[in-house]
Amino acid sequence: MTISPSLQPEPDPTIERKGIRVCGVVQGVGFRPFVYRLASEENLGGFIGNDTDGVTIELEGPAARIQTFLIRLTSETPPLARIDSVATSDLAPNGETGFRIVASEVLGRVSTGIPADAATCSDCLRELLDPADRRYRYPFLNCTNCGPRYTITRRIPYDRPQTSMSRFPMCPQCQAEYDDPLNRRFHAQPNACWRCGPHVWLETPKGATIESADPVAETIERLLRGEVMAIKGIGGFHLSVDATSEEAVRSLRQRKHRYGKPLAIMVRDLTAARMLCDLTPQEEALLQTPARPIVLGHARKHNGIASSVAPGIPWLGVFLPYAPLQHLLFADPRVKALVMTSANLSEEPIAIDNDEARSRLAAIADAFLMHDREILQRCDDSVAALVDNKPQIIRRARGFVPLAVPLPFDAPPLLAVGGHLKNVLTLARGKFAYQSQHIGDLENPTSLQFFEECLHHLMNTFEIEPRTVVHDLHPGYLSTGWAKQWAGNRGLRLIAVQHHHAHIAACMAEHALSGPVIGLSLDGTGYGTDGRIWGGEVLICRLSGPDPASFERFAHLDYVPMPGGEAAIREPWRMAFGHLIAAGFPEDETRELVGATEQEARVMRRMMERQINAPFTSSLGRLFDAAAAVILGRRKVDYEAQAAIELEAIAVDEPDRLQRMDYVPELFAAEKDTDGTMSLRIGHLWRAMVDDVRHGVPKARIAARFHGGVSEGFIAAAANARKNTGISQVVLSGGCMHNRSLSCLLRSGLEEAGFKVFQHVRVSPGDGGLSYGQAVIAAAILYSESTR
Ligand SMILES: [Zn+2]
Ligand SMILES: [Zn+2]
Ligand SMILES: [Zn+2]
């Protein structure tokens, strides 16, 4: 029946229709059911749908109710969602009264964040352990407030067919939950149950199925017997052993060829974590975030954990279960603490695929707890710590990725490949840079393969086709070679960025600083513009102006030889040898202080005299290594910065930092180097330190004085830079900023000296943040060219 126009009722003037666009993390986080509920409660008509930009909502009803809806939209947002912007527009009312959820559309360009993986929520945990629930002990339960996201997503919009759950058709019961807007599982993409979803099973290292009625219970028995288990998780496989068994931990280390590096411990809950570590309220909060990172806490004495878990350091990496399967392991009261370490041979990427795990872990694991939900994105566990009372993400991976960080300039599509160690790549377009998960050290073909996998995944999901590729200045990095070849094959533009400049730019961009700033780039090693190895740098940087690619090197730590190059990183005594000789110590005394044989000393001296494989470095990280070699007598390390970490560890509770002011390096303004920069002379620092060693001053005190001296030296250098330039903003970056004591001493000392100090917030100060800094500088260059 049609109604003639004259018979239509007059439109109610108070009825409005609004179009609403919401951007941010709004997909896969229970946002649509939340909006559905709000609209129903406010009695509004219209619809909501996901699109590649976020969500689109249309609402129709009385103006006042729409207003209330908008207020509630931002004040009652679901826990995993994050609203970045809400834009409204006026539409003509069409009489719609009911509210509905429409199918996802693929519209335009992608900028919405893919949600990160989130730990099992309390509602799901209750169901998991409730014998009356239909999902009792089901290892893959989840809802819109929790579960895997990024690691199972092929592309956005985030919908079941685009995830690795696409091969599990839902049973009628699961489907009914999925379709019911008032259900907690409404459009929960990985929704599943015993009947329709993935399942677990046990295998021998040879790939034969181990028959078991309850593979999880069997896994627990094996762990308690001291076996090494490979357990498939959310972002990859873990290797797990009973953390209270010295023997089990030792056999895991031997089989994995990982000797010194600390192992992470998973415990049942916060109460159990408190038994292992003295936790501050902030650390406890960090432990419980939906990302469930490994948190480095201060270990308690006699906590029952095998001493070989974290030898030589006072911190313990602890984390809480985040997957239902892990909760099931800890549901058995006999399971107290488990080592859960990334399943790989040292320095290879974490294994994710069942076949990959079978072939790579057969010699390590006694048995495998497998499942058939495919992991599409390799993601290690994230690592976080409280540094200077602020949370710092040391390794950004599962739960924190992908990370969209704003850019200060609109960037054309570009790829920044990062550095050599602790690689993270960044794709950028428009106002955002997207940082990948931690990829690892780009030293072998498998990690390069992971890098490429990750790149293609992010290019796909964010639909970014780079036109510029940014790489480090170092000609020998695998990433540089890769970038040149990849860009060459595609005819793309290449931009090279100096390592320590990128560190500072990353921190500047986080605070939207255009500069000029004084940047303290305190780091391990990076290639300098003079071909030497930098790492203790005072830089003047700006991101605006005609030449944002340039920076001024105001001062740096004195150059010293690094005998053996890379070998000096693995063997800090070589670094100490280089430093002591450079500081004027006689060879006999040097040899004795670093514990070298006559033969070793002869080799070192020859390398340095003939300048063969003894590159010069101004690295602060290497100065820390050298100091640790002399103070602690450490000759070799199992991982980069181990010696420096041990030095920090013993200094941590020592208040006597500045008792010996002659520990402070001197800045010789008059003795400018040939390139016009100034050196921080560290000879007398060494003499004071050796003097203390000779007089039997406690190691902790020497270590503390060393930290104090170094920070005072850089504060003095910053003050000198301020006198020369008038700049009073200081930006702190570089891998040494992971050092809690140094970070805190520098920040407080600089503030006392009247500086405004900026530190990293979301991006890592270490090499994990490098690619973001590279992207920032490239964006600045391209922006300045476009406005010329
Ligand atoms: Zn849940
Ligand atoms: Zn089902
Ligand atoms: Zn670095």
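**Labels and their grounds**

Guide: Helix α19 (residues 642-651) is mostly covered, with eight of its 10 residues buried. The model is a predicted one.

Visitor: Which residues of α19 are buried?

Guide: They are Gln642, Ala643, Ala644, Glu646, Leu647, Glu648, Ala649 and Ala651. These buried residues pack against β13 (315-319), α15 (572-582), α18 (620-632), α21 (699-725) and α22 (740-752).

Visitor: Why is the site of the zinc ion (ligand 2) called tetrahedral?

Guide: The protein donors are Cys171 (SG), Cys174 (SG), Cys193 (SG) and Cys196 (SG), at 2.2 to 2.4 Å from the ion. The angles among the four donor atoms are 104 to 117°. Four donors count as tetrahedral if all angles lie between 85 and 135 degrees, so the label applies.

Visitor: What makes Cys174 and Cys193 a link between separate parts of the chain?

Guide: Cys174 lies in helix α4 (residues 172-179) and Cys193 in the loop between α4 and β6 (200-203), so the pair ties together parts that are 19 residues apart in sequence.

Visitor: Why does His499 count as buried?

Guide: Buried means under 20% relative accessible area. His499 has 0% relative accessibility, so it counts as buried. His503, at 1%, also counts as buried.

Note on methods. Residues numbered from 1 in each chain as written. Chains lettered and ligands numbered in written order. Predicted model: local features only at pLDDT ≥ 70, side-chain atom pairs only at ≥ 80, totals over all residues. Heavy atoms only, no water. Buried < 20%, exposed > 50% of the residue type's maximum accessible area, 1.4 Å probe, protein only. Helix = DSSP H or I, 4+ residues; strand = E, 2+ residues; numbered from the N terminus. Contact = heavy atoms within 4.5 Å. Donors = N, O, S within 2.8 Å, 3.2 Å for Na, K, Ca; no water. Tetrahedral: all angles 85-135°; square planar, octahedral: opposite > 155°, others 65-115°.
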